[in-house]
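Could you take me through how features of a two-chain model are read, one at a time?

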Amino acid sequence: MKPSSLETTDATGLGRRKFLKGAALAGAATIGAATAAVARVEGVEKQEAVKGAPIPQKELGNTGVKVSALGLGGFHLGVPRDAKETDQIVGEALDAGVNFFDNAWEYHKGESEMRLGAALKGKRDEVILMTKVCTHGRGRNVAMGMLEDSLRRLQTDHLDVWQIHEVVYFNDPDLIFAPGGAAEALAEAKKQGKVRWIGFTGHKDPAIHLKMLESGFPFDTVQMPLNCCDGTFRSFEKQVLPVALQRGIAVLGMKSLGGSGELVTSGTITPAEGLRYAMSLPVATTISGIDSLDVLHQNLEIARGFQPMKEDEMEALREKVRSVAADGRYEKFKTTKFYDGDVGREQHGYPSAKALPL
Amino acid sequence: MPAIPLKSFGNTGVKISALGMGGHHLGSASDEKTAMQIVKEAIDGGITFFDNCWEYHRGKAENWMGKALKGSRDQIFLMTKVCTHGRDGSLALQMLHESLNRLQTDHLDLWQIHGVTFDNDPELFIRKGGAAEALEKAKKDGKVRFVGFTGHKDPAIHLKMIETGFPFDSVQMPLNPFDANFHSFEKLVLPELQKRGIAALGMKPLTGKAEPLQKNILTVKEMLRYAMSLPVATTITGMEKLDVLRQNLKIAQEFEPLPAAEMEALRTRCQKLAADGRFEHYKVSLQFDNPEARLAHHFPIDPEQMEVKEMLKEATNTGKPYPELPT
């Protein structure tokens, strides 16, 4: 792969960064509500969270390693104004027992990976490090080039998990498994020892995930949106989670609060309800986007000493949100283009986020 | 001048022209005079089916059409749509009152639920107090002859609407060679309508924004002929300029259905590009969802969208999910 071609696609990532400023603002608005909500939860429900209690660890599928029930999302690591704040977030997360770190080649044009790489210096071996490859339908060679970029930025010689990012277009499975497609890169990188486990991610439609799984390709992990609205609307929880578990594939949950905190900012649920619901599902970890120390502290409080919700509590929460879940208004990653990045759009002949924001 | 073929409107015994005029584009004409001329030439050219909608251009599209049809109302088949988007039947009847006023008529030939887009729209439609009750009442009162619904999002939602068991006379949907390859209304919904004798109305024969033409993938003749060759009562297309109208009239007047092999060849030609929905934004984004629908369902509106700009300009806009209507 020519580095220049990577630069071209990389540059289109800028559009998403600018565009997601709105999302970051929404995140900022969350904090105030979120802090109050945690206080409320602690008062009313006497949440089991104990200060200083460890974050529970769970099996990462059949890999034999354990990961923290709360994982740190990579996109939001590129959001703070400077690397120093990202450093602090990563440092405090590590101290609290978070050992699962998410990222992607295209997040903030590489800035997210570079910040995480710097922040993990000296601690690389204590964590399970994941990043994603952004071929969006392109082939094996593009993927292998991106892997080298990611390793360099993350300052490591191997990844623990390498996943195909944003499988959200209905023909993505066909393109990934075509001869010379990205699936070949996953297998090759694993064979070379550059990555220990492989998987894929996507936020659009359970049908696309199922098509990926039906390929029979030996995925170790699969990442998907899991939250209390998902159970009612185009549900990954109902349709994909059982299939992955049956095959011993580790499930990584994401978008527990709607992607940009929509479930909280709309007043539908508290952050504790949202995170606890997602963490109570049979997943290895719940990846949460944390772009400030305030949000980190809030989420660590929820994760420390975490006890799963009982099934009737989960059902009650699903019931509470059912009417707003029914049209997907707070799961915009399923119903709009808002969460589909520019690199993928370009590869699929779609207008940029600026030209087609929703 | 050769006439445009007439086709049966479902099992009703009524016949309509195989090409229908879209109401949204009429409201996009450069000025009122042009819009008048477009409707006049369309009628002279053999178009009898006229589409419109309560929410197109904040009423301008209905107003212009009403004016242009003065004196010709009884020669044509007039349809407009109601924009409850899940809200109450009483609101639907208020909208009907407005539409009749704007269209300068005492009855519609067809009144359809506009833009069934969200997964829960069928439940909201059929619920007690929902828009289904308004369709029934309007038909009983003789204000509308036939009733139906439209939508461009997902065949599954259309099927859910049909499964409510409501006696629809027509169903409108996007039909083009790209649709045939991706979340296909042609494959999933059209056969159900044929089975039930419901009139199928095709729309978006050029995929809504005519991108496949601009990118030289297919010609306008190929796309219009494809849509018109399907088992539909009419194909509704937008024509905001006289030269577009004249071009389409010629295609419709000379129309002969495409042989099955040519239909298949057109589908195959678009297969790869159709597979990710890149030319069918109405299925995969909010781009074609009007602000009324988005606001009623608490989805964000796009300040750059023409309809939103028009809405914000409205002096009477209250900022509520829908403007206040005269009772």
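This is a predicted model: local features need pLDDT of at least 70, side-chain atom pairs count only at pLDDT 80 or more; totals for chains, interfaces and linings use all residues.

Q: What share of the residues in chain B is buried?
A: For chain B, which has 327 residues, the buried share comes to 53%.

Q: Why can the radius of gyration of chain B be said to agree with a compact globule?
A: One compares the value with that of a compact globule of 327 residues, which would be near 20 Å, and because chain B has 18 Å, the two agree. The C-alpha trace of chain B spans about 55 × 40 × 40 Å along its principal axes.

Q: How is a pair of packed helices described, and what are the values for H2(B) and H3(B)?
A: The general idea is that two packed helices are described by the angle between their axes and the distance between the axes. Here helix H2 of chain B, residues 32–45, and helix H3 of chain B, residues 60–68, have axes that come within 9 Å and cross at roughly 55°. H2(B) and H3(B) are therefore oblique to each other, and their crossing is right-handed.

Q: Which residues make that contact between H2(B) and H3(B)?
A: From H2(B) come Glu32(B), Ala35(B), Met36(B), Val39(B) and Lys40(B), while H3(B) supplies Trp64(B), Met65(B), Lys67(B) and Ala68(B). By class, this contact of H2(B) with H3(B) has 6 nonpolar, no polar and 3 charged residues. As a general point, an α-helix has 3.6 residues a turn, so residues three or four places apart point the same way.

Q: Which residues of H3(B) are buried, and against what do they pack?
A: The buried residues of H3(B) are Ala61(B), Glu62(B), Trp64(B), Met65(B), Gly66(B) and Ala68(B). They pack against helix H1 (23–26), H2, strand E4 (49–50), strand E5 (77–82) and helix H4 (89–103) of chain B.

Q: How do H5(A) and H7(A) cross?
A: The axes of helix H5 of chain A, residues 140–153, and helix H7 of chain A, residues 182–192, come within 7 Å and cross at roughly 45°, which makes H5(A) oblique to H7(A). The crossing of H5(A) and H7(A) is right-handed. Arg140(A), Ala143(A), Met144(A) and Leu147(A) in H5(A) meet Ala182(A), Glu184(A), Ala185(A) and Ala189(A) in H7(A), and the classes in this contact are 6 nonpolar, no polar and 2 charged residues.

Q: Is Phe125(B) buried or exposed?
A: Phe125(B), which lies in helix H5 of chain B, residues 121–126, is buried, because 25 other C-beta atoms lie within 10 Å. Leaving aside neighbours within four places in sequence, Phe125(B) is in contact with Ile113(B), Gly130(B), Ala131(B), Ala132(B), Met161(B) and Thr164(B).

Terms used
Residues are numbered from 1 along each chain as its sequence is written. Chains are lettered from A and ligands numbered from 1 in the order in which they are written. The radius of gyration is taken over C-alpha atoms; the globule rule is 2.2 Å times the number of residues to the power 0.38. A residue is buried if 20 or more other C-beta atoms lie within 10 Å of its own, exposed if 12 or fewer, and partly exposed in between; C-beta atoms are placed from the backbone. Axes are lines fitted to C-alpha atoms, for helices over the stretch in contact, and angles run from 0 to 180 degrees between N-to-C directions. Helices (H or I, at least four residues) and strands (E, at least two) are DSSP runs, numbered from the N terminus. Angles under 35 degrees count as roughly parallel, over 145 as roughly antiparallel, 65 to 115 as roughly perpendicular and the rest as oblique. A crossing is left-handed if the near helix is turned anticlockwise from the far one by less than a right angle, and right-handed if clockwise. Two residues are in contact if their C-beta atoms, placed from the backbone, lie within 7 Å. Ala, Val, Leu, Ile, Met, Phe, Trp, Tyr, Cys and Pro count as nonpolar, Asp, Glu, Lys and Arg as charged, and the others, Gly among them, as polar.
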